[in-house]
Amino acid sequence: MKKKSNNVFLSKIKYNEVLKGVKRLKSETKLRPNDYKLLKRYDIINVSNIDKLIVLVTDSNTIKYYDYKEELYKIVHDVHLQTGHRGRNQREHELNAKYKNITRECLMIYLNLYELCQRKGKTEKKTSC
């Protein structure tokens, strides 16, 4: 299934384009209508001298990061190990607290590919003789 161009899965190139665009727009005084759309969706935070794309912070002061799709597997894998191989809902809760663009679809793909958990779920049934 092909994703639409406005989806949450950003390639590293698109991520960097959006990051540069938001940075540029924050310093400009004259904005076009599409610029406001971009600024309502994204913001930038500097973490250890690295600019990161985040959801525009509103009242809750909760920072949710966007990450590019090449990093999603590593993030999901790390959270999977940190949560001790618990269920999908536990991981989904942990990831949704920190990241904006990691979906249930990402988690399901990860679980279907992760061999250790696939073997753990397939226990042999005893047959009676």
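Student: Hi! Where does Ser 48 lie?

Tutor: Hello! Ser 48 lies in the loop between β1, residues 42-47, and β2, residues 50-55. Please keep in mind that this is a predicted model.

Student: Thanks. Is Ser 48 buried or exposed?

Tutor: Ser 48 counts as exposed, because its relative accessibility is 66% and the cut-off for exposed is over 50%.

Student: And what is its phi? I mean the phi of Ser 48.

Tutor: The phi of Ser 48 is near 50°, which is a positive value in a residue other than glycine. For background, most residues other than glycine have a negative phi.

Student: What about Asn 49, where does that one lie?

Tutor: Asn 49 lies in the loop between β1 and β2. Its phi is near 65°, again a positive value in a residue that is not glycine. Asn 49 is exposed, because its relative accessible area is 74%.

Student: Okay, let's zoom out. How many helices and strands does the chain have?

Tutor: There are six helices and two strands in the chain. If you read along the sequence, the pattern is α-α-β-β-α-α-α-α.

Student: What percentage of the residues count as buried?

Tutor: That would be 29% of the 129 residues of the chain.

Student: Now the helices. At what angle do α1 and α2 pack?

Tutor: Helix α1 covers residues 12-27 and helix α2 covers residues 33-41, and they pack at an angle of about 110°. Their axes are 10 Å apart.

Student: So what do we call that arrangement of α1 and α2?

Tutor: Angles of 65 to 115 degrees count as roughly perpendicular, so α1 and α2 are roughly perpendicular to each other.

Student: Is the crossing of α1 and α2 left-handed or right-handed?

Tutor: The crossing of α1 and α2 is left-handed.

Student: How about α4 and α5, at what angle do their axes cross?

Tutor: Helix α4 is residues 88-98, and its axis crosses that of α5 at roughly 135°. The two axes come within 10 Å. Helices α4 and α5 are therefore oblique to each other, and their crossing is right-handed.

Student: Which residues lie nearest its centre?

Tutor: Of the 11 residues that line the second largest pocket, those nearest its centre are Lys 69, Leu 72, Tyr 73, Cys 106 and Ile 109.

Student: Which helices supply the lining of that pocket?

Tutor: Helix α3, residues 69-82, and helix α5, residues 104-113, each supply at least two residues of the lining. The largest share comes from α5, with five residues.

Student: Nice. One more thing: how far apart in space are Asp 67 and Lys 100?

Tutor: Asp 67 and Lys 100 are 8.3 Å apart in space, C-alpha to C-alpha, while in sequence they are 33 residues apart. Asp 67 lies in the loop between β2 and α3. With a relative accessible area of 14%, Asp 67 is buried, because buried means under 20%.

Student: And Lys 52, where does it lie?

Tutor: Lys 52 lies in strand β2. Lys 52 is partly exposed, with a relative accessible area of 31%.

Student: How far apart are Lys 52 and Tyr 65?

Tutor: In sequence, Lys 52 and Tyr 65 are 13 residues apart, and in space they are 7.3 Å apart, C-alpha to C-alpha.

Terms used. Residues are numbered from 1 along each chain as its sequence is written. This is a predicted model: local features need pLDDT of at least 70, side-chain atom pairs count only at pLDDT 80 or more; totals for chains, interfaces and linings use all residues. Side-chain values use heavy atoms; hydrogens and water are left out. On a 1 Å grid over the protein atoms alone, a cavity is a set of points where a 1.4 Å probe fits but cannot get out, and a pocket is an open set with protein on both sides within 12 Å along at least five of seven lines; lining residues have an atom within 4 Å of a point. Helices (H or I, at least four residues) and strands (E, at least two) are DSSP runs, numbered from the N terminus. Buried means under 20% relative accessible area, exposed over 50%, partly exposed in between (1.4 Å probe, protein chains only). Axes are lines fitted to C-alpha atoms, for helices over the stretch in contact, and angles run from 0 to 180 degrees between N-to-C directions. Angles under 35 degrees count as roughly parallel, over 145 as roughly antiparallel, 65 to 115 as roughly perpendicular and the rest as oblique. A crossing is left-handed if the near helix is turned anticlockwise from the far one by less than a right angle, and right-handed if clockwise.
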